Amino acid sequence: MTRFRWGAVSDTGQVRSDNEDSSLVAPDRDLFVVADGMGGHQGGGVASSLAVTALREHYADRTTEALVEGVKLANRVVHDRAIDDPELRGMGTTLCAVALVESDGEELLAVVNVGDSRVYRLQGDELLQVSEDHSLVEQMVREGRLTHAEAASHPQRNIVTRALGIETALDVDWWEVLPTAGDRWLLCSDGLFGEVDDDRIASVLRRLDDPEDAARELVRLANDGGGRDNITVLVLDVVDDGDRAANASKALVGAGAAAGVGRPEPDVAGFGDAEPTTTNPVVGGADDDAEAPEAHGRRRRGRRHDGGAAQEPRSRRFTWRVALFSLLVLATLGAAAGAVGWYARNTYYVALNDDEVTIFQGRPDGVLWFDPTVAERTGIPSDDVPEAVVGDLEAGRDQATLEDAQRYVSNLEDQIEELEPEPTTTTTAPGPPPPTTAPTTPVTPTP
Ligand code: MN
């Protein structure tokens with residue numbers, strides 16, 4: 001029997017007014033989850049707590065496949081709620097989880113991830129990030145356009161390219177790892193690694209034996225570093241693996257490296273992968289997202305990390321499978337672009353454009369190649385905008401919906417009217433000539 005001990009701490013941080021992160025420790029199912037919600041008007045907090053609760057509820061069997069399916073069901077729950085409740089439109093959440101599962105009578109740790117929360121493993125002295133971020137900057141790093149160091153301080157580092165709640169279909173990354181006594185796992189939201197670099201995280205994890213102490217210390221460091229975001233830290237120790245890892249590594253020595261143990265194995269299910277293997281239990285699994293147009297283009301990522309051989313670069317076996325895999329990557333990027341596009345376009349903001357207050361659809365800086373477009377011109381000249389609001393409008397004032405943006409503009413018009421009691425030359429359509437006598441305002445000129 002694999003046994004754990006753990007400690008979890010979540011904190012609002014120094015800047016935000018609410019904590020929109022959620023975490024879950026379900027020892028009865030050996031399930032550990034961290035989620036980081038996003039979307040204004042408290043939607044983020046709703047999304048992350050809905051997601052972890054739904055995952056707990058829908059995680060039926062102790063299998064990796066059930067865990068992945070549980071995340072997909074949680075996605076539906078968040079998505080449906082976001083559709084039903086206009087206040088929560090556009091909300092979403094990241095989610096990462098570690099669970100003890102069974103496969104062929106063997107216990108494994110299943111890791112799943114969507115978004116830019118992270119799962120790390122400290123093995124011996126080495127801290128490795130097991131999950132892969134679904135973020136704009138991570139994509140740019142993969143494309144060689146940014147270094148890791150640049151990504152860490154990039155202004156758009158918090159843009160995620162995948163999240164729960166945004167679409168009905170969801171691609172879930174998963175890995176399987178042998179539980180090894182002495183291993184320490186870390187699940188955290190970006191509020192931690194945005195403030196504390198990996199070396200310092202590793203040093204705390206090595207230094208403090210008690211998982212709760214370690215979690216608390218990491219949160220303290222993140223707050224010291226600025227605490228610009230909510231911080232959630234879950235430290236999970238494997239205290240007993242029933243000697244399974246020791247036995248397994250003996251077996252691995254016998255099998256040798258030629259078996260390719262630990263090599264990340266892209267799953268090309270849906271394209272007739274000729275080699276479904278037991279290391280990849282999701283192969284051939286039911287695809288409940290079949291209605292999604294990009295279903296065939298989606299790549300499920302499944303890997304198994306064994307011992308220290310994890311995260312070797314995948315370079316061997318350059319065959320048709322690799323070509324096929326490349327095609328799948330392209331298709332996946334296309335699908336991701338669609339999701340990002342939806343995300344990028346499903347919002348409005350009010351800003352100044354050609355000396356006129358204008359409602360835009362999109363996000364002020366755009367996302368990827370999705371530049372904002374003009375949704376409505378208001379006819380309000382920039383010069384009329386009250387001083388106090390100019391800064392806001394220069395930066396672009398976010399609005400969840402077109403109606404919100406219109407409401408904002410009409411408030412702005414009211415403000416302008418209040419500030420200008422005297423009729424001035426009208427700058428809109430040719431109206432009636434300005435009154436020459438008896439202004440309707442109570443202001444009377446003094447001699
Ligand atoms: Mn965050």
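Q: What makes Asp36, Asp190 and Asp229 donors of the manganese ion?
A: Their OD atoms lie 2.1 to 2.2 Å from the manganese ion. Donors are N, O and S atoms within 2.8 Å of the metal (3.2 Å for Na, K and Ca), and since water is not among the atoms, sites may look incomplete. The three Asp residues therefore count as donors. This is a predicted model, where local features need pLDDT of at least 70 and side-chain atom pairs pLDDT 80 or more, while totals for chains, interfaces and linings use all residues. Residues are numbered from 1 along each chain as its sequence is written, and side-chain values use heavy atoms, without hydrogens or water.

Q: Why does the pair Asp36 and Asp190 tie together parts that are apart in sequence?
A: Asp36 lies in strand 3 (residues 31–38) and Asp190 in helix 5 (residues 190–193), so the pair links parts 154 residues apart in sequence. Helices (H or I, at least four residues) and strands (E, at least two) are DSSP runs, numbered from the N terminus. Along the chain the donors follow the spacing D-x153-D-x38-D.

Q: Why is Glu167 called partly exposed?
A: Its relative accessible area is 28%. Buried means under 20%, exposed over 50%, and partly exposed in between (1.4 Å probe, protein chains only), so Glu167 falls in the middle class. Glu167 sits in the loop between helix 4 (148–153) and strand 9 (173–177). Asp36 and Asp190, in contrast, are both buried.

Q: How do you know that the span of helix 7 agrees with its number of residues?
A: The expected span is 1.5 Å times one less than the number of residues. Helix 7 (residues 211–224) has 14 residues and should span 20 Å; its end C-alpha atoms are 20 Å apart, so the two agree.

Q: Which residues have the most contacts inside the largest nonpolar core?
A: They are Leu31, Leu55, Val71, Leu95 and Val112, in a core of 34 residues. A nonpolar core is a set of buried Ala, Val, Leu, Ile, Met, Phe, Trp, Tyr and Cys residues joined through side-chain atoms within 4.5 Å. Helix 2 gives the most to this core, with 7 residues.
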